[in-house]
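Dear colleague,

Please find below the structure that I am handing over to you.

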Amino acid sequence: IYSLDFSREPFGVLLRRRATGTVLLNTTVAPLIFADQFLQIATSLPSRFLYGLGEHRGTLLHSLDWNTLTLWARDVSPTETFNLYGAHPFYLLMEEGGDAHGVFLLNSNAMEVALQPAPGLTWRTIGGVLDFYIFLGPDPNMVIQQYQQVIGFPAMPPLWALGFHLCRWGYGSSNETWQTARAMRNYQIPQDAQWNDIDYMDGYRDFTVDPQKFASLPSLVEDLHKHGQRYVMILDPGISSTNPHGSYWPFDEGLRRGLFLNTTQGQPLIGQVWPGFTAFADFSNPDTQQWWLENLQHFHAHVPFDGLWIDMNEPSNFMDGSEDGCPPGELDSPPYTPAVLGDSLSAKTVCASAKQKASVHYNLHNLYGLMEAKATARSGGSAPSSSPAPPSPARASTQGTGWVTTGASGRTCITPSQVGLLSFSLFGIPLVGADICGFSGSTSEELCTRWMQLGAFYPFARNHNSQNEKAQDPTVFSPAARTAMKNVLLTRYSLLPFLYTLFHRAHLQGDTVARPLFFEFPRDVATLGLDRQFLWGRSLLVTPVLEPGGDSVTGYVPRGVWYNFYTGFSVNSSGEMLKMPAPLEHLNLHVREGAILPTQKPEITSEATRRNPLRLIVALSQSGTAWGDLFWDDGESLDTFERGSYSYLVF
């Protein structure tokens, strides 16, 4: 389906799609530069419709007007043009006529990708080799499936991970956390998991509990379990290094076993994170996994948590490099530094020269979060790395990890959160969602209601905010807003059988869960720039309100018959923008003709919901046909598909 031609003068390769003659790659447009710490290759592009290359904040469809995207994991509040938490050197390009292809550069070093209006693209990396994978689709869904055949398919989450999660930094105590969970139950608002941020720890040290403020934490967890709910807490890779010898086992034992990042002098590299001075666990060392597991077992015996939130794993450092800075040399001061925030590879992270078991940090930085996620997943008993047990959302990511992000409150963040959602679907990371109602800054009732409506359709739905801000869980708002939030969560819970089946298809073959409209309508050019609406699977269209003060929303409805999810009224669209009523209590949902959606009567936990009768929503096509499927297992055991303990039904 392709032809590959080599050119000696000018030097390069030309890749063509045979069916259309489209030139997908032409690297003769600029010289190849191949030095030890500077590798550059450029290509022309067959169109301007380019997506991917994360993690960045902006629009789903990239601008090619001299736009440079830098990939180097960095702890910084999402901001346009900055390199953010994750590194995903993969792009999807839509060709004229609706075909799609993808390109993945398997390279973990700091890099930048320069987009040019020609249209063209230049890869520039400061280490490794040029190891390109080309995915020929020709359908965008197939491109993403082919990409995941290389990087691995996502783990199947337990059903409770798809329920509603509640968290905040600044509950202040386990009793206050408990009060929030109780209030949610009192108002009969769905919630599957209660989370805690770093305030549960004693002096912000990993694997500890504040003995005063969080003394009742084990009782809280017991109570959650009694009500069919789960508990998740945060964990950071920076291990406090200043405690008296013998008083803090995680550091003492990690030091004894030699499991931390070292300086060029062979001493533990000391940076600064929440507990003060810290050493950083070296997850590239296989022995670190055993130490990590033992720490988790000690903690779990005291607080039987159900999941882990691994944060700060870019790795984040409050100082640049280390307490002693970084040594001179070509790793910390390379001949060329990509356009990273802070103009230095060590800005708010560790020295690039730091020694790890597998290599130097210069080569491993963008893999740090992935390696921590793998160590955490393997700590879930005999689970293989593809099956996180306990589930462990990560912040820093590269090809093959999970994702949670933070963002500020405000209209400027609700829209980019949706773009992030769709971008990570392209990267093969379907369990994705932003902090509903915003992390920093205080939300408003209207914003939080609209964001809860959008967030109820994030594949991963968690409301989370910062300390010193007003509480923003559903129970603190007016009865009208609270009811609107409760109702949209009940709608989500009624759709859990459908959502769970979408995750099965993601796990099995790399289907996306939340997907852009152009994935289903690749030949409709009107969809190529749309990122304010999205689909669940191929058949549920979500059109959220993203502007203040609106009682209506304008959205694109692709060609065909679409049914109002609530009323069953049909719209026969020619492929047009439609104005839809959207009072504050309403989220517009439409079901595509020809779909069958499995649903269930919702309760306030997924555990209670799954005991209820199932029902089908059948949306007949114009020719009177419809199709759907259901994957069903016990909702929490590992590898049920691989072991054959499941039911799969086609309707």
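The UniProt record, an unreviewed entry, places the feature "domain: Glycosyl hydrolase family 31 C-terminal" at residues 510-597. In this model, which is predicted, the chain over residues 510-597 is 5% helix and 43% strand. The end C-alpha atoms of that stretch are 20 Å apart.

I turn next to the aromatic rings. A search of the whole structure gives 31 aromatic pairs. One of the pairs is formed by Phe207 and Trp292, with ring centres 5.5 Å apart. Their planes stand at 80 degrees, and an angle over 60 degrees counts as edge-to-face, so this pair is edge-to-face. Phe207 belongs to the loop between strand 14 (193-196) and helix 3 (217-226), whereas Trp292 belongs to helix 5 (residues 286-302); the pair therefore ties together parts that are 85 residues apart in sequence.

Are these two residues buried or exposed? Phe207 has a relative accessible area of 13% and is buried. Trp292 is buried as well, with a relative accessible area of 0%. Both residues also belong to a cluster linked by ring pairs, together with Phe251, Phe260, Phe283, Trp291 and Tyr368.

Finally, two arginines are placed over aromatic rings. Arg462 lies over the face of Trp309, at 4.3 Å from the ring centre. In the other case, the charged end of Arg482 sits over the ring of Tyr187, at 3.9 Å from the centre of that ring.

With kind regards

How values were computed:
Residues numbered from 1 in each chain as written. Predicted model: local features only at pLDDT ≥ 70, side-chain atom pairs only at ≥ 80, totals over all residues. Heavy atoms only, no water. Phe/Tyr/Trp six-rings, centres within 6.5 Å; stacked < 30°, edge-to-face > 60°. Helix = DSSP H or I, 4+ residues; strand = E, 2+ residues; numbered from the N terminus. Buried < 20%, exposed > 50% of the residue type's maximum accessible area, 1.4 Å probe, protein only. Lys NZ or Arg CZ within 6 Å of the ring centre and 35° of its normal. UniProt positions renumbered as here; feature names shortened; annotations may be inferred.
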